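Hi everyone, thanks for coming along. Please have a look at the structure on the screen, and then I'll walk you through it.

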There are 2 protein chains.
Amino acid sequence: MPKNSLAYLEKMNLPDDLKKLNYSQCEALCRDIRQKLIDTVSKNGGHLASNLGVVELSLAVHRVFDSPADKIVWDVGHQSYTHKILTGRADKFDRLRKENGISGFCRPDESVHDAFISGHSSNSVSAALGIATAMKIHGDNHSAVAILGDGAFTGGLVYEGLNNAGKSDTNLVIILNHNEMSISKNVGSVAKYLSSIRTTERYHKTKNVVERTLDKTPLLGKPLKKAIKGSKNAVKNALLHSTMFEDLGLEYIGPLDGHNLQELEHGLAVAKALHRPVLVHVNTVKGKGYAPAENNPGEYHGVGSFEIATGNPDVVTSDSFSSVFGKELTKLGEENKNICAITAAMKYGTGLQHFSKAYPKRFFDVGIAEGHAVTFCGGLASMGMIPVFAVYSSFLQRGYDELIHDLAICNTHAVIGVDRAGIVGDDGETHQGIFDVPFLTSIPNTTIYSPSCYEELRLCLNKAVNEDSGIVAVRYPRGNDKSKYDKSQVNTFYEYNDNGNGVLIVTYGRLYNNVLGACEILKNNQIECDTLKLVKIFPMEDEIIDIISSYKLVFFFEESYYHGSISEKYAAVCSNIAPVAIDNFVKHGNANDLLDELGLSAQKMADQIKDFLKYE
Amino acid sequence: MPKNSLAYLEKMNLPDDLKKLNYSQCEALCRDIRQKLIDTVSKNGGHLASNLGVVELSLAVHRVFDSPADKIVWDVGHQSYTHKILTGRADKFDRLRKENGISGFCRPDESVHDAFISGHSSNSVSAALGIATAMKIHGDNHSAVAILGDGAFTGGLVYEGLNNAGKSDTNLVIILNHNEMSISKNVGSVAKYLSSIRTTERYHKTKNVVERTLDKTPLLGKPLKKAIKGSKNAVKNALLHSTMFEDLGLEYIGPLDGHNLQELEHGLAVAKALHRPVLVHVNTVKGKGYAPAENNPGEYHGVGSFEIATGNPDVVTSDSFSSVFGKELTKLGEENKNICAITAAMKYGTGLQHFSKAYPKRFFDVGIAEGHAVTFCGGLASMGMIPVFAVYSSFLQRGYDELIHDLAICNTHAVIGVDRAGIVGDDGETHQGIFDVPFLTSIPNTTIYSPSCYEELRLCLNKAVNEDSGIVAVRYPRGNDKSKYDKSQVNTFYEYNDNGNGVLIVTYGRLYNNVLGACEILKNNQIECDTLKLVKIFPMEDEIIDIISSYKLVFFFEESYYHGSISEKYAAVCSNIAPVAIDNFVKHGNANDLLDELGLSAQKMADQIKDFLKYE
């Protein structure tokens with residue numbers, strides 16, 4: 001589709017332009033934006049269904065509020081694509097999620113309109129409350145707006161935020177984007193409760209609070225009041241009898257039709273005019289406007305590139321570390337009826353769909369609630385079950401205290417499948433799995449495996465479930481196994497290639513492929529190295545220390561943040577190690593390019609070793 | 001009071017004994033237990049007010065349920081003293097919180113009746129749900145019982161648990177001990193909501209669910225039904241119209257009078273008989289039965305030893321690191337109107353009462369919600385405020401992800417006052433502050449100070465607030481400053497005593513006192529050492545590396561878990577360091593005794609150095 005067909009979109013730049021449009025022009029603009037979203041995501045991959053669902057909502061927010069004076073906080077910013085298009089980034093949108101292009105999430109350093117960072121779920125209410133509180137202290141009468149899905153509502157952080165918001169007397173507007181989906185079909189009692197509000201029509205006429213407030217608002221009040229009185233039910237009957245949110249001290253407006261721009265604008269204008277904490281409940285359809293995504297919103301949550309006409313993915317997904325993990329666990333679950341599998345809203349992402357189908361009674365999707373997942377594992381394990389919690393590395397950070405308190409202190413046996421460990425690439429610094437090694441090694445009674453190929457992953461998972469004790473983490477990267485080396489020696493401890501050379505290269509996980517590549521490059525430069533691939537990376541082992549200590553020079557390459565890394569630990573007991581690990585947050589981009597920049601590609605590994613030996 | 005006056009208590013051993021008593025015997029037993037609680041805590045210190053409040057509730061739980069077949073999970077186990085007395089530990093109760101005595105919290109390795117570990121708030125619902133789920137899988141028809149206060153209800157983990165409990169179809173009984181206090185007066189909308197249930201008398205007659213269930217329960221059902229029909233309002237009208245808890249899919253029973261044993265037993269029997277997730281709302285009076293504690297429950301939350309007749313503490317509290325921190329922050333708050341102070345339900349514990357009185361609009365008690373506190377700081381800081389979050393080291397573990405995601409990625413300036421850093425002693429392994437160095441150093445853009453005396457604490461706080469950027473943690477121990485060394489050189493970087501000796505001792509924080517003591521001991525053995533006291537302990541500094549590298553032998557003593565410690569980090573870049581840090585969880589006991597066992601007393605430091613030099 002030629003770009004110049006998006007006539008309305010091309011005229012747009014900043015939110016001010018948006019306010020000049022009439023409703024029919026807005027409708028045309030929404031069509032343009034949807035086209036742009038589908039075009040771009042079909043090429044670059046990204047989050048589609050959630051973004052298609054909030055096109056009208058994004059317009060309404062930017063027509064009613066004045067960003068950046070009003071602060072818009074998008075929870076899990078992957079629903080912010082339309083927001084990005086409307087705030088001066090339409091021309092850069094083609095570079096979505098590309099290195100040096102715009103991020104797939106909100107970033108304050110990318111735009112003044114991105115009021116807060118947003119990659120991990122459920123932080124928007126707390127952040128917006130902080131912003132609204134600062135405004136109050138400064139006597140600034142603008143609003144802070146948090147926009148979050150019902151998926152984010154399963155996270156405890158939202159509840160902590162709501163508990164503090166209700167009594168805060170701030171200009172805080174919380175927009176609940178209710179589509180009955182987070183990443184997979186939403187779970188838990190809160191989701192059920194929200195839907196009960198949706199389906200029962202138990203509105204009551206009004207609590208007068210809106211009218212009273214509007215009467216007191218000199219400029220906006222009267223016209224708004226008129227508009228509201230003339231509008232449809234959902235706004236006129238805006239305040240529901242007694243919702244959980246009113247119990248928590250918030251005003252409640254809704255549910256509004258999230259694809260009716262006029263209704264949305266009226267509801268948000270009321271919320272803004274109230275000048276106190278309000279929750280606006282908006283019903284949207286995930287994937288709206290693109291049939292394949294509307295029909296299968298789960299599959300179009302986060303996608304790679306695909307063919308627009310059919311919705312078919314460009315690359316048919318083969319096995320991945322996640323799916324191999326999920327299938328192996330399903331096999332183990334057949335042999336041992338005490339094995340339970342737990343996910344925090346990532347059933348498909350972690351490959352647990354196989355287990356969930358085979359043993360529905362031993363499968364638990366707890367929602368976006370990693371802390372609960374860990375403590376729940378502790379409860380299960382205390383009764384003799386073997387809980388296996390599969391979770392992305394960066395999200396397990398949410399369970400750090402629970403790992404210490406509810407598992408490690410009692411030396412409880414629980415297995416953590418740490419998915420997306422290491423560089424994940426396109427999703428950027430909020431999603432890179434570079435902290436699990438530092439924080440897991442800081443927890444007593446914890447063992448960590450980092451298999452480098454599918455075969456090792458299966459062996460490690462078996463050992464973790466059936467032989468080990470305490471917390472056992474098996475960490476593996478995003479994507480599939482590209483290793484081509486000889487698998488005859490795979491085991492769960494280490495693989496040492498001792499050819500009597502003076503230089504040893506140590507690594508673990510998928511980086512072993514790059515180490516082998518580096519060895520090839522170095523060989524062509526007449527430099528021969530021995531290699532040591534760790535599989536059980538922690539606790540440290542005397543055997544490994546002995547091997548390392550027997551060399552004059554050891555390079556240790558590691559896909560982890562340096563402070564707290566395995567290379568740092570061995571360096572502390574062996575005096576001959578040059579660690580190469582990650583020394584800061586890592587932005588988004590292609591994973592291989594990022595590894596290269598970090599000095600962890602085969603070529604860069606070889607270069608560093610060559611340079612070092614040159615000056616020795 | 002002579003021990004033999006506690007006639008009823010002496011006859012008690014296990015819960016089975018309890019079931020044989022009639023109500024008037026139970027009342028006498030309650031009196032005995034209260035006496036025992038007051039006697040013991042007045043000598044050993046501990047938690048008093050919360051325990052006096054749940055004497056009847058503890059009896060009722062153990063008379064209705066069958067521990068250990070039914071699993072009782074006490075949230076923040078410091079309310080479990082009566083439970084301990086009733087489950088075979090009455091004779092050991094004199095050794096409460098003493099080394100090798102019983103713990104002040106629940107510990108599964110101490111008794112089969114302690115179903116789960118409990119030192120950190122809000123984990124009980126998740127843990128009990130895990131237990132109840134395992135029972136369901138095993139076809140075990142017993143119950144899992146979680147008992148938690150309204151303070152714990154401010155933590156997001158409880159909400160995550162409730163969201164999963166509602167639909168779980170398990171025998172889960174959640175008892176909400178509602179006393180309108182957590183540690184200080186409870187905050188937030190949920191607390192207000194709970195009190196609204198207490199004060200409005202909006203019971204409705206019944207939902208029949210109780211009777212229907214009881215009809216289906218062959219053995220217990222009929223007699224129970226009769227008992228209920230004959231009992232007072234609170235049970236007869238047990239099910240409230242529509243509470244937040246029912247919205248979340250739980251049955252609701254209450255509010256019950258928490259000091260009326262008969263009413264409690266009826267309510268709990270109904271809850272047990274329902275065989276599905278129930279919330280039982282119990283109103284109690286914190287400090288019940290001891291006037292000083294009833295009048296000032298906040299002051300009698302956690303106490304040192306005191307005189308029973310007057311309630312006066314044996315040691316009048318002088319300054320502590322916490323109070324010096326709080327007073328200095330108050331001074332800074334006068335000079336800079338952007339400074340905000342945040343606590344997670346520890347206003348007094350962290351010394352923030354001074355700030356809260358002086359600047360109520362810039363002071364925020366967010367409840368037991370450390371994750372929210374950190375993200376809220378991020379929101380405040382994004383608007384130019386300088387948030388200072390004072391929090392106990394072991395509870396900051398709850399904010400690990402938020403520190404990374406909501407502060408560090410954007411290099412946001414926020415100050416964390418890490419109170420109770422290092423060994424805290426009596427409260428045991430759930431409360432030792434030995435992980436903050438490992439997890440804070442794993443976060444990019446973080447600076448850590450560890451002052452060793454009040455003067456340094458003030459300097460570090462000033463620098464953290466007024467000069468530094470990013471996350472700045474100032475960590476300090478529980479208790480007061482016992483240092484006697486010369487303070488003329490105090491600064492925020494380091495203090496180096498170079499007397500040209502071959503051995504260097506490095507440390508930071510209060511351990512510097514012990515290092516100086518060790519030097520004295522060694523001097524008497526004709527061994528002279530240089531010393532290096534770090535104040536800014538992280539990031540590492542080249543100047544420090546140069547000093548350390550200039551020695552043949554360096555001992556680095558550190559009150560932190562070893563993996564991720566500062567000594568490990570310097571050892572990784574300097575080859576001459578012998579680190580002495582902590583290599584496991586540390587149980588409860590006197591802090592000085594524990595430091596001695598860990599090799600961190602002056603004597604043990606000296607011994608280790610002597611031994612090493614002997615064999616060199």
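Let's start where the two chains touch: chain B puts 100 residues into the contact, and chain A puts in 100 residues as well. Please keep in mind that this is a predicted model. Which residues of chain B lose the most area to chain A? They are Y159(B), M383(B) and H405(B), and together they make up 9% of what that side buries.

Between chain B and chain A, the buried area comes to about 7700 Å², with carbon and sulfur atoms giving 66% of it.

Now for the polar side of the story. Across this interface there are 26 residue pairs in polar contact, counting pairs with both residues at pLDDT 80 or more. The rule also finds 6 salt bridges between chain B and chain A. One you can look for on screen joins the side chains of E568(B) and K569(A), at 3.4 Å from N to O. As for helices, α7 of chain B, residues 124-138, gives the most to the side that touches chain A, with 10 residues. Sorted by class, that side of chain B has 47 nonpolar, 36 polar and 17 charged residues.

So how do the two copies relate?

Let me finish with a few backbone details. In chain A, S67(A) and P68(A) are joined by a cis peptide bond, with omega about 10 degrees. P68(A) sits in the loop between α5 and β2 of chain A. Over in chain B, a cis peptide bond links S67(B) to P68(B), again with omega about 10 degrees, and P68(B) lies in the loop between α5 and β2 of that chain.

Two residues of chain B have positive phi without being glycine. S122(B), with phi of about 80 degrees, is in the loop between α6 and α7. Q526(B), with phi near 60 degrees, is in the loop between α23 and β16. Are they buried or exposed? S122(B) is buried, at 0% relative accessible area, whereas Q526(B) is exposed, at 68%.

Notes: Residues are numbered from 1 along each chain as its sequence is written. Chains are lettered from A and ligands numbered from 1 in the order in which they are written. This is a predicted model: local features need pLDDT of at least 70, side-chain atom pairs count only at pLDDT 80 or more; totals for chains, interfaces and linings use all residues. Side-chain values use heavy atoms; hydrogens and water are left out. Contact means heavy atoms within 4.5 Å. Buried area is the accessible area (1.4 Å probe) that two parts lose on being put together, summed over both. A salt bridge is a side-chain nitrogen of Lys or Arg within 4 Å of a carboxyl oxygen of Asp or Glu. A polar contact is a pair of N or O atoms within 3.5 Å; within protein, one must be able to donate a hydrogen and the other to accept it, and residues adjacent in sequence count only if both atoms are side-chain atoms. Helices (H or I, at least four residues) and strands (E, at least two) are DSSP runs, numbered from the N terminus. Ala, Val, Leu, Ile, Met, Phe, Trp, Tyr, Cys and Pro count as nonpolar, Asp, Glu, Lys and Arg as charged, and the others, Gly among them, as polar. Buried means under 20% relative accessible area, exposed over 50%, partly exposed in between (1.4 Å probe, protein chains only).
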